[in-house]
Amino acid sequence: MKEILLIKNGELVLKGLNRFTFEDRLIKNIKNHLFGLGEVKIYKSQSTIYIEPVCDGFDFEEALTRVKQVFGIAAFSRCAVCNKDIDEILKTAPEYLKDEMKGIKTFKVEAKRSDKLFPLTSPQIAKEVGAALLRAYPHLRVDVHNPDKTVTVEIRDYAAYIRAGQIKGAGGLPVGTAGRATVLISGGIDSPVAAYTMAKRGLSINAVHFASPPYTSKRAEMKVKKLLEKVSVYSGTIRLAIVPFTEIQDEISKNCPEEFFTLIMRRIMMRIAEKIAKNYRSEALITGESLGQVASQTLSAIASTDEAVSMPVLRPLIGMDKEEIICISRKIDTFETSILPYEDCCTVFTPKHPKTHPKPGQCSEAEKNLDIEVLIERALTNIDISYINYYAPEEDK
Amino acid sequence: MVYLDNSATTKPCATAIKYINRCLSENWGNPSSLHSLGIDAEQELDKARLVAAKSIGADEKEIFFVSGGSEANNTAVSGTAEALKKRGKRIVISSIEHPSVLNPALSLGKSGFEIVKLHPDKNGVISEQEIFDAVNSDTVLVSLMLVNNELGSIQNIRAAADAIKNASSPALLHCDAVQAYGKLNINVKKLNIDLLSVSGHKIHGPKGIGFLYKSKGVNITPLILGGGQENGLRSGTESLPLISGLRGAIEELPDIDKQLIIQKELWNYAKDRLLSLNDVKINSDDNCSPYILNISILGYRSETILHFLEEREIYVSSGSACSKGQKSYVLSECGLSNKEIDSAIRISFCKNNTKEDIDKLVEAVITAQKVLRRSN
């Protein structure tokens with residue numbers, strides 16, 4: 001039996017004139033997501049997007065899993081396709097909907113036809129299909145007011161489509177429709193969740209990671225790449241820039257008061273991330289900061305890192321409890337990887353008594369002995385760029 | 001490359017590789033087959049067994065091929081406990097045994113055995129008195145590793161054998177010789193050892209192979225049951241390529257006594273050069289195996305030093321991966337402070353290391369001390 005996926009657009013319907021760009025972007029994202037599964041045709045008609053496999057051996061179940069990960073889809077359905085012949089429809093419907101019909105008691109049939117030449121009217125189609133289902137599944141009853149499931153039969157230009165029920169989509173807006181943002185990714189639990197949360201609102205994601213060999217190892221970098229792979233399942237390709245940070249940490253430890261180490265470090269990281277972000281046309285930074293988790297995440301500490309950049313800094317986790325963040329982290333499968341114990345540079349140069357409530361201007365005072373511009377330039381000339389996409393072929397990774 | 005992590009693993013030698021290839025491309029039959037392919041394979045198996053037996057003064061019938069040191073240890077510990085459980089319930093081990101001895105013992109402790117852990121002195125050696133006090137007539141197993149893998153300390157095996165005799169104990173004496181075999185002279189008869197574990201990849205053989213020596217007349221319960229290979233002690237089609245590789249590695253072993261002299265000289269050279277640096281403490285004392293030198297470069301976390309050295313293609317071990325609280329239990333048992341344990345580096349040699357290797361290491365450590373930030 002031929003099967004396709006059908007998407008009725010969610011929030012997109014509200015976008016008015018922008019709808020076409022959003023839809024096109026969504027279709028492009030779906031195509032990218034289904035890479036490697038076989039040839040597939042994706043087209044739109046009215047406010048429905050059709051995903052139709054055109055080859056044998058198309059991995060339909062895998063396609064279903066992947067479509068669930070695409071932002072911009074509130075819900076979608078799997079749908080049987082057959083010829084516009086009432087006998088065929090009456091045969092296909094009970095067979096295709098076998099599993100759907102078993103677990104329920106009541107149903108109704110809705111029929112639509114855009115092909116006015118089809119011999120039966122919509123109510124007639126609904127009646128016939130309903131009767132066929134009752135014959136096949138005698139335990140069922142028809143309830144047109146409050147059915148357990150609604151079976152939809154659509155007669156369109158080239159074929160008839162039969163479906164029942166919907167699969168919940170990932171929600172959000174198509175990645176890329178809101179622009180680009182750059183996430184500062186450590187190897188911890190929070191930053192991947194922050195990246196995922198912003199991708200969900202339609203932002204394309206770039207990432208920046210700071211490495212401090214020999215204090216940090218290659219394993220820490222591999223961990224970050226693995227985390228980004230998991231996020232890329234939802235966000236699409238992520239460009240990752242790894243910045244060598246050892247020299248900067250050394251300079252900070254030699255020229256700045258100890259209690260400001262972490263704050264100054266984070267300010268410089270933000271500045272470097274902003275520069276990289278501008279290079280790649282990102283319009284905002286993303287961090288996994290949440291209020292009060294560690295000493296550097298008090299309001300004044302956050303204010304002092306904000307001071308260092310002019311770009312908007314998105315902190316989607318700012319109001320969340322650790323529990324809530326961990327919950328999302330498990331959902332997107334980054335939790336197990338995040339808790340692997342490979343040193344990231346934030347902990348190696350930790351002061352014994354960090355400043356938790358820096359007053360405005362104190363940080364700039366503390367970093368006055370650093371030649372920040374020169375240090376940043378040097379770090380930027382040695383960044384390592386890679387592209388992360390879980391669904392991309394190995395050679396392109 | 002300066003490879004000083006030979007206690008972790010060693011580079012396979014040419015003879016081992018040659019023999020392995022031969023058993024993969026030519027002599028690939030199953031030694032249990034009745035036809036000529038099987039007979040040829042069996043002959044190779046017998047040759048390997050003879051070579052292994054000779055190397056420790058044993059008889060071929062006392063050599064059993066297993067998948068490595070861990071399996072040999074597990075078989076020795078669990079197999080003895082199971083076989084002798086009606087004769088006693090006490091098992092005596094050192095607290096610095098390898099996890100493949102400790103963990104089976106702990107597991108036996110949960111099912112009714114009494115596990116007595118002997119604690120070493122600051123040099124990693126269990127005293128004779130402690131061994132004597134621990135072994136009684138209820139003891140069925142005494143397991144002491146000949147050379148400790150982190151510190152290099154050598155245990156007094158003779159004392160264990162004497163203690164068993166003295167207590168009229170039914171105990172078997174098991175010796176984990178993974179770090180000692182091929183480096184120190186081992187004659188199982190002279191040392192009165194009942195069970196001995198040996199690993200192939202520590203002597204330039206392949207990984208995945210080792211042997212257990214079990215003295216004639218000693219009965220232990222097998223771990224792996226099946227077709228009855230290795231006289232029932234270890235079923236499963238014999239891995240001839242790996243066994244043959246092990247044979248090749250044993251054949252390429254140098255004369256132990258001659259090599260010990262060379263090795264001791266190298267060890268002393270390394271120790272002297274490192275002692276001349278500031279803030280370097282030597283954890284292995286002069287009685288340790290000259291193949292292992294454990295030091296602490298105070299003020300620097302082992303992992304940082306490890307990566308620093310690795311950037312210069314010098315490879316050592318940080319005793320035990322000291323990430324997020326996983327402290328080396330061996331160094332803890334020997335009374336080292338947290339600061340010393342946190343900065344402990346294990347340097348382990350093989351016959352291919354030279355004074356130049358040591359010089360490169362020392363130069364790199366000097367640079368590290370200049371360039372790296374000291375940890376809190």
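1. Let's start with a strand pair in chain A of this predicted model. Strand S10 (residues 179-184) of chain A runs parallel to strand S13 (residues 284-286) of chain A, and three bridges link the two. To find the pairing on screen, look for A:Ala181, which sits opposite A:Ala284 in S13(A).

2. That pair belongs to an open sheet of six strands in chain A, ordered S14-S13-S10-S11-S12-S15, with mixed pairing. At its edges are strand S14 (313-314) and strand S15 (384-388) of chain A, each of which pairs on one side only. Helix H9 (residues 261-279) of chain A packs on the sheet and touches S10, strand S11 (203-211), strand S12 (238-244), S13 and S14 of chain A. The direction of H9 makes about 150 degrees with that of S10(A).

3. Two helices of chain A also deserve a look. Helix H6 (residues 190-200) and helix H7 (residues 218-235) of chain A pack with their axes 10 Å apart, at an angle of about 10 degrees. H6(A) is therefore roughly parallel to H7(A). On the H6(A) side, the contact involves A:Pro192, A:Ala195, A:Tyr196 and A:Ala199; they meet A:Leu227, A:Val231, A:Tyr234 and A:Ser235 of H7(A). Sorted by class, this contact has seven nonpolar residues, one polar and no charged ones.

4. Finally, the cores. The largest nonpolar core has 53 residues, and those touching the most other members are B:Ile56, B:Phe65, B:Ile131, B:Val142, B:Ile186, B:Leu196 and B:Phe211. Another core, of 35 residues, lies apart from it and includes A:Ala207, A:Ala211, A:Val224 and A:Ile286.

How values were computed:
Residues are numbered from 1 along each chain as its sequence is written. Chains are lettered from A and ligands numbered from 1 in the order in which they are written. This is a predicted model: local features need pLDDT of at least 70, side-chain atom pairs count only at pLDDT 80 or more; totals for chains, interfaces and linings use all residues. Side-chain values use heavy atoms; hydrogens and water are left out. A nonpolar core is a set of buried Ala, Val, Leu, Ile, Met, Phe, Trp, Tyr and Cys residues joined through side-chain atoms within 4.5 Å. Buried means under 20% relative accessible area, exposed over 50%, partly exposed in between (1.4 Å probe, protein chains only). Axes are lines fitted to C-alpha atoms, for helices over the stretch in contact, and angles run from 0 to 180 degrees between N-to-C directions. Helices (H or I, at least four residues) and strands (E, at least two) are DSSP runs, numbered from the N terminus. Angles under 35 degrees count as roughly parallel, over 145 as roughly antiparallel, 65 to 115 as roughly perpendicular and the rest as oblique. Contact means heavy atoms within 4.5 Å. Ala, Val, Leu, Ile, Met, Phe, Trp, Tyr, Cys and Pro count as nonpolar, Asp, Glu, Lys and Arg as charged, and the others, Gly among them, as polar. Two strands pair if DSSP finds at least two bridges between them.
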